[in-house]
Amino acid sequence: MQILTGRRALDAVVVLTSAALVVGCSAGSSAGGEDRTDAVVGLTGEPTNLDFTTTSGSAIPQLLMNNVYEGLVTIDQDGEVQPQLARSWEVSGDRTVYTFTLHDGVTFSDGSAFTADDVVASIGRVQDDWTLSLSSKMDVVESAEAVSDTEVVVTLRHPSNAWLFDMGTSVGAMFPDDLSADLATEAVGTGPYTVTEVATGQHVTLTARDDYWGEAPALDEITVRYFADANAQANAVRAGDVDMAYNLQAPDLIAGLEQDERLQVIDGTSTGEVLLALNNAAPPFDDLRVRRAIMYAIDRQAVLDTAWAGHGELIGSMVPPTDPYYQDLTDAYPYDPDRARELLEEAGVEDLSITFDVPTRPYAEAVAQVVVSQLADVGIDATIAPAEFPAVWLDKVFTEHDYQMSVILHTEARDLLTVFGDPGYYIGYDNPRLAEVAEDADQGSPDEYVAGMQEVARMIVDDAASDPLFLFPNTVVADAALEGVAANATTESMDLTGLRWSD
């Protein structure tokens, strides 16, 4: 995300609220990485606090998941579910009962032991205390019972193809049963690192735990520095002030960085879709003809090439290729300005003027310029209204739904239903049939799940609910001697646990 995992999950790696940078913290040249046990990572989206259970913003789980917090399972770089705190699990024949066997000897960073009681409490906390829309992912759980310290039984209300994967995201994070910490300022997890310093507007320091239950990380300390913009982030990695620039949003600089033999540039995949968001619940986009006109008016390849130097991928729907139900829908609305004009005429809005609320993020501002130009070609006058991100954009567009059109990066994994399955979400898309098809798919066989979710995606595209412009790349630029870079953003997590310096 940049966007939100929150109150309804949309992309929002929360933006830096202060331009102050840490000038005293320099990574320096690794010189091959000899004897180094630390690293500095550069980002452009700062978390507003450390509590992703009540605070919107994917920047929080991006920093903390896998590094500080862990779940029963995790999602690997190929998008597959893998064991984490659970050593193994069994599923009943009717696919409603999961019996997890937990690792023994696991402790939280506060020293308390991790047991099945913590699993039960963590699931219950999502259902009862989380204030984010993500909490709905746990609605399918009927009960969770601790059979022993290392065995827990979770019973679902019905079979679910999605639930176990969801447990590998932030909604599956494990917390102590008797949690008393203020999660906004103190992260209490079972992961290999703990948060030892938060300098607002500057950096967060992660320090390796001496008592970590699993394989100890190679680095003793990781400093995550937050920059005001992508240019500053890129300059920092070029100068050696940071060892790795993660999710670099400066496509025009990538070619130059690739020529620097001291650096490695990795174009990882992501689950982030850049969405041209249309408010289906408000004029003029409550008219299907107008929404479809927008689709035909936009040349997505030109948007990708012009705004993001061709880095990224056209997908046609909010389903990335890493999802099991991906299908290529890029030809659903080919670039056809004449068809766009015809639809606008049919709708009686040939001289349409709209307000385009654009968050102050590099990708959004670049995309907006191209979109405005293309819409002008079909007679639509789109006026850009800059919206400070996150504060103004989240309040005006996301919370109040006071907008006509916007553009935002949604980064939450498998968020198709999050964005389009709730009429009360900021998109305002309402199709009663969608919920029925999605529920049948989730409860069906794996093949039925794929077929059903593909039908859901086609419904949304046919209704032109909004326009997924392209899949965002996860570009990582790092010191050539830094190994173990997890470049694929298959969930919100920026997994730093494998980082190490070459010998």
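Predicted model: local features only at pLDDT ≥ 70, side-chain atom pairs only at ≥ 80, totals over all residues.
User: What makes α6 and α8 roughly antiparallel to each other?

Analyst: It's the angle. The axes of α6 (residues 288-297) and α8 (residues 337-347) cross at roughly 165° and come within 8 Å. The cut-off for roughly antiparallel is over 145 degrees, so α6 and α8 get that label. Their crossing is left-handed, too.

User: Which residues make the contact, and how do they divide by class?

Analyst: From α6 you have Arg-289, Val-290, Arg-292, Ala-293, Tyr-296 and Ala-297. On the α8 side there are Pro-337, Arg-339, Ala-340, Leu-343, Leu-344, Glu-346 and Ala-347. That contact divides into 9 nonpolar, no polar and 4 charged residues.

User: And how do you know how α12 runs relative to α13?

Analyst: Same test of the angle. Helix α12 (residues 432-443) packs against helix α13 (residues 446-462) at about 160°, and the axes are 7 Å apart. With anything over 145 degrees counting as roughly antiparallel, α12 is therefore roughly antiparallel to α13. Here the crossing is left-handed.

User: What meets what between α12 and α13?

Analyst: Arg-433, Leu-434, Val-437, Ala-438, Ala-441 and Asp-442 are the α12 residues. They meet Glu-448, Tyr-449, Gly-452, Met-453, Glu-455, Val-456, Met-459 and Ile-460 of α13. By class, the contact has 9 nonpolar, 1 polar and 4 charged residues.

User: On to the sheet of 5 strands: why are β17 and β19 said to stand at the edges?

Analyst: Look at the order, which is β17-β16-β18-β15-β19 in an open sheet with mixed pairing. β17 (381-387) and β19 (467-471) each have a single partner strand, so one side of each has no neighbour in the sheet. Neighbouring strands here are turned by 25° against each other on average, direction ignored.

User: Which strands are joined to β12 by bridges, and are they parallel or antiparallel to it?

Analyst: One is β3 (residues 38-43), which runs parallel to β12 and is joined to it by 6 bridges. There, Val-41 has Val-224 as its bridge partner. Another is β11 (residues 203-208), antiparallel to β12 with 5 bridges. In that case Thr-207 is partnered with Glu-221.

User: Last one: is Thr-115 buried or exposed, and how do you know?

Analyst: Its relative accessible area is 17%. Buried means under 20%, so Thr-115 counts as buried. You'll find Thr-115 in the loop between β7 (97-102) and α2 (116-128). Leaving out residues up to four places away in sequence, Thr-115 touches Leu-102 and Asp-149.

Notes
Residues numbered from 1 in each chain as written. Heavy atoms only, no water. Axes fitted to C-alpha atoms, helices over the stretch in contact; angles between N-to-C directions. Helix = DSSP H or I, 4+ residues; strand = E, 2+ residues; numbered from the N terminus. Parallel < 35°, antiparallel > 145°, perpendicular 65-115°, else oblique. Left-handed = near helix turned anticlockwise from the far one by under 90°. Contact = heavy atoms within 4.5 Å. Nonpolar A, V, L, I, M, F, W, Y, C, P; charged D, E, K, R; others polar. Pairing = 2+ DSSP bridges. Buried < 20%, exposed > 50% of the residue type's maximum accessible area, 1.4 Å probe, protein only.
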